[in-house]
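Subject: Structure handover

Dear colleague,

I am passing on the structure below, together with an account of what was found in it. Please have it open while you read.

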Amino acid sequence: MEPILRASRLRKHYGTGTGLVRAVDEVDLDVASGEAVGIIGPSGCGKSTLLHLLGALDRPDGGWLWLGGERIDRLSETAAARLRRRSIGFVFQAFHLVDELTARENVELPALLAGASPRAARRRATALLERVGLADRAGHLPAMLSGGQRQRVAVARALVNDPALLLADEPTGNLDTAATSEVLRLFDDLRAEGRTLVIVTHDSRIAAAADRLITMRDGAFVDETILRRPSGNPSFGYAIRHGSTDDDSGLGSGLGDDFGLPDAPGLGHGDGSGSGRDSGFGSGHGFGLGAISGLV
């Protein structure tokens, strides 16, 4: 089956000569429909630049990119905007909610911009806020919400046009531990529903919501971990380790208390031994208007 998202030799460089920065350097990526992929790595490794390329927010210097069988790396600004509005949802670290709009109005906005009627947009927004557990906060302005609640509003907004692909850039970066657990549970629920997710982060806890983890350094993919969850057993995971880098080696999947989820018994297995940091960790179950231009 063809992947819903495919990148081939994707490249984005800045500067020249000795000042050349290879932000994204010959990256290949296939994402299957319904797959949740986490891309982890330190700050400055090119994760966010890659996400912007995958989401048609920026144009690559080289390579090819397809979404749903359509080549998108050379779209005009207008065509890229139509694509984002129709097929891609975004979740950002800084939330990018419109301060003057209520939670419901923030969620409605992309639907209205996509041509939905006010009644249909309101119906979708209300259902999604209930879905993320914020029905009772629908009339609240962002300033009246906690960080975790604001991020859940942002997730609802990203889903309002039923996108084929959901992209998240450091979605837990501004959250405390409790709020991070809430958002990870939400992403894991979306994964279980069959949503296609690509999440970039420096936080290895995102394994809680991923089927596959890719490690990125210096603009390139250097390692991959496949997390498999056998059907019918939500408390067991299995990880296969590829590559030979020192850090993050021997990653294990296993729902447990690592991510503050008391309902998971913490079974897990990591196939890989390395001695780097984060070895053998468990996976838990657990816009100013200018920013909105990325959606329209």
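To begin with a detail, which residue in strand 5 does L67 stand opposite? The residue that L67 faces there is E70. Please keep in mind throughout that this is a predicted model.

The chain as a whole

The protein chain has 296 residues, of which 52% count as buried, and it holds seven helices and twelve strands. Its accessible surface comes to about 12,800 Å², and 48% of that belongs to carbon and sulfur atoms.

Strands of a sheet pair through backbone hydrogen bonds, in either a parallel or an antiparallel way.

Within this sheet, strand 1 (residues 5-14) pairs with strand 4 (residues 62-67) in the antiparallel sense over five bridges, and A7 stands opposite L65 in strand 4. On to strand 5 (residues 70-71), strand 4 pairs in the antiparallel sense over two bridges, with W66 opposite R71.

How many of the five residues of strand 3 are buried? Strand 3 (residues 36-40) is mostly covered, with five of its five residues buried, and this cover extends to both faces: A36, G38 and I40 are buried on one side, and V37 and I39 on the other.

Strand 3 pairs in the parallel sense with strand 8 (residues 197-201) over five bridges, and I39 stands opposite V200 in that strand. Strand 3 also pairs in the parallel sense with strand 9 (residues 212-217), here over four bridges, and L213 in strand 9 is the bridge partner of G38.

A pair of helices

Finally, helix 5 (residues 147-159) and helix 6 (residues 177-192) pack at an angle of about 20°, with their axes 9 Å apart. Angles under 35 degrees count as roughly parallel, and helix 5 and helix 6 are therefore roughly parallel to each other. The crossing in which helix 5 passes helix 6 is right-handed. On the side of helix 5, the residues that meet helix 6 are G148, Q151, R152, V155 and L159, while helix 6 brings A179, E182, V183, L186, F187 and L190 to the contact. An α-helix has 3.6 residues a turn, so residues three or four places apart point the same way.

With best wishes

Note on methods: Residues are numbered from 1 along each chain as its sequence is written. This is a predicted model: local features need pLDDT of at least 70, side-chain atom pairs count only at pLDDT 80 or more; totals for chains, interfaces and linings use all residues. Side-chain values use heavy atoms; hydrogens and water are left out. Two strands pair if DSSP finds at least two bridges between them. Buried means under 20% relative accessible area, exposed over 50%, partly exposed in between (1.4 Å probe, protein chains only). Accessible areas come from the Shrake-Rupley method with a 1.4 Å probe; for residues, only the protein chains shown count as cover. Axes are lines fitted to C-alpha atoms, for helices over the stretch in contact, and angles run from 0 to 180 degrees between N-to-C directions. Angles under 35 degrees count as roughly parallel, over 145 as roughly antiparallel, 65 to 115 as roughly perpendicular and the rest as oblique. A crossing is left-handed if the near helix is turned anticlockwise from the far one by less than a right angle, and right-handed if clockwise. Contact means heavy atoms within 4.5 Å.
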